[in-house]
Structures are given as structure tokens and as C-alpha cells.
Amino acid sequence: MAMPMSGWDTAGAVLLVLWALAMWTAVGVLAYADRGPVRPWVHRGALVVIGFGVLGQLGHVQEHLAQVAYWLGHPNAPAWMTPWGSGLAAGLQMVLPGRPTFGMELLHLTGNFLFLAGLAGVMVITRRARSTRTRRWARMGVWMQGLHGLEHLVLTLSVAFGAPRAIGLSTFFGLVDPGPGLTTYRVWWHFGANVAGSVVFGLALYHLWRERRQIRAGFVLRPAPALTARAA
């Protein structure tokens, strides 16, 4: 059944996609710029990307928290989404209106890409401080969230290409019929993955604050050495 859609849903969906595209464009530009000489603006830009990544993950993880809270009260009911999540999914559904659940899958894929962009921002800002704990936690987060994002990509593409239901680790590869069992597994699977990823991201941010001076030092322009006077 098609989800009802309003103009606000469409606008929100478009803005969400543009947000994700802008984040990854910024990550690419910053990573490329940091390959050359020291550029202090890369540090500031990476902080902005990280900040928006935090905002994106706060919105994303609250959706999973709400889904688990609903499941605790209705363990045998179909999967549920918050009103704002349902609205954004309805707006994204317009991309492929003939593929049920595509909007919902694309919404979670976009949310995961926002989260991953924030972690990538931490990797960019620590490129010149490779021995820091910040970078170690960020690297762990990129691997974890990269695999989680790959799962959501597979789920989204399977629906986009016409599979009767999403196919992935969190759906038993589409081999289990929809029902309370499958809903329970998927709700808790994604909840656990997002909470674990959020904890790792939080630890990376904690160490980013503690090691901020060391990390910032890598972006300080050094004065050019004075030219020695020629011998008479």
C-alpha cells in the first residue's frame, strides 16, 4: 500500500538527500585538499562535517529507539515508524512509487550515510595525527558503519530491483515470511548496530576533545625558514 504523501514530506525528503550529498561532497573536497600542503580551513571544515554527522545520527538513532520502545509494547505488531520518519519515507517513495517499502529502505540508507560521513570527517581531521586514540576509534567506527551501510545498500537495492521483500542479513536474506518473528529480529538487529556505532562515534568524539590540541597542531602553518645571508 502506498504511503500518503504531502508537500512537506517531499520537501523534507529532498532536503535530506541534499544534506547527505553535501556531506559526502565536503568529505571528498576536504580529504583531497589535505593531501597537499597544510590548509587550516580543512580543520574547520572537518569539524563542520563532524557536527552535522552528529546531528544526523541523533535523528537516526532516535528512530531506532522509538521503534524498539514501540516493539516493547506491541511485540506482535507490524514494524512501526515515527510520524516524521513515515513522512520522510513517503517523500522518498516517490523515487520508485511502484516498489513498496522502497522509501523506508532509502530513508535508513540515507541516515546511515550521514552517520558514516561524520565518522569520515573524524578520519580527515586526524590524518596528521595518526597515533591518536581519536583516529583509532574513528577507524573502528568507519569499518562498523561501513558494513552496516553496506547492509542497508543491499536492502535498498533488492527492493529497487523488484524483490518481493528486502534481502539482507537483517531479513534472513528474504527467506523468512513477514511476521512478528522477522519484525522482532530486524528491529533489534538494526537497533543494536546503531547503538554500537553510536557508542564508538561518541568515544571518537570524546578523544577528539581530549586530543584537540595535538590534532589542531597538525593544521598550524609553519613560518618559512629565513634565508641565510650570502657569504661575502
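In the predicted model, helix H6 (180-210) makes the greatest contribution to the lining of the largest pocket, supplying 5 residues. At least two lining residues each also come from H2, H4 and helix H5 (133-160). The space in this pocket amounts to about 910 Å³. Its lining consists of 33 residues, of which Ala79, Thr101, Met104, Glu105 and Arg186 are the closest to the centre. Classified by residue type, the lining of the largest pocket comprises 17 nonpolar, 12 polar and 4 charged residues.

The second largest pocket holds about 260 Å³ of space. Two or more lining residues are given by each of helix H1 (7-33), H2, helix H3 (83-92) and H4. H2 provides the largest share of this lining, with 6 residues. The lining of the second largest pocket divides into 7 nonpolar, 7 polar and 1 charged residue.

Helix H2 spans residues 40-73 and helix H4 residues 102-125; their axes lie 7 Å apart and form an angle of about 145°. The crossing of the two helices is left-handed. The contact of H2 with H4 involves 11 nonpolar, 12 polar and 1 charged residue.

Aromatic side chains form 6 pairs in the structure. In one of these, the ring centres of Phe172 and Tyr185 are 4.1 Å apart and the ring planes meet at 20°, so the pair is classed as stacked. Phe172 belongs to the loop between H5 and H6, whereas Tyr185 lies in helix H6; the pair therefore ties together parts separated by 13 residues in sequence. Phe172 is partly exposed, with a relative accessibility of 36%, and Tyr185 is likewise partly exposed, at 27%.

The pair formed by Trp188 and Phe191 is edge-to-face, because the ring planes stand at 80°, with the centres 5.5 Å apart. These two residues are 3 residues apart in helix H6 and are therefore separated by about one helical turn. Trp188 counts as partly exposed, at 35% relative accessibility, whereas Phe191, with a relative accessible area of 19%, is buried, since the limit for burial is under 20%. Together with Trp71, Trp188 and Phe191 make up one aromatic cluster.

Terms used: Residues are numbered from 1 along each chain as its sequence is written. This is a predicted model: local features need pLDDT of at least 70, side-chain atom pairs count only at pLDDT 80 or more; totals for chains, interfaces and linings use all residues. Side-chain values use heavy atoms; hydrogens and water are left out. Axes are lines fitted to C-alpha atoms, for helices over the stretch in contact, and angles run from 0 to 180 degrees between N-to-C directions. Helices (H or I, at least four residues) and strands (E, at least two) are DSSP runs, numbered from the N terminus. A crossing is left-handed if the near helix is turned anticlockwise from the far one by less than a right angle, and right-handed if clockwise. Ala, Val, Leu, Ile, Met, Phe, Trp, Tyr, Cys and Pro count as nonpolar, Asp, Glu, Lys and Arg as charged, and the others, Gly among them, as polar. On a 1 Å grid over the protein atoms alone, a cavity is a set of points where a 1.4 Å probe fits but cannot get out, and a pocket is an open set with protein on both sides within 12 Å along at least five of seven lines; lining residues have an atom within 4 Å of a point. Grid points are joined across faces, edges and corners, and a volume is the space filled by probe spheres set on the points. Rings of Phe, Tyr and Trp (its six-membered ring) pair if their centres lie within 6.5 Å; planes under 30 degrees apart count as stacked, over 60 as edge-to-face and the rest as tilted. Buried means under 20% relative accessible area, exposed over 50%, partly exposed in between (1.4 Å probe, protein chains only).
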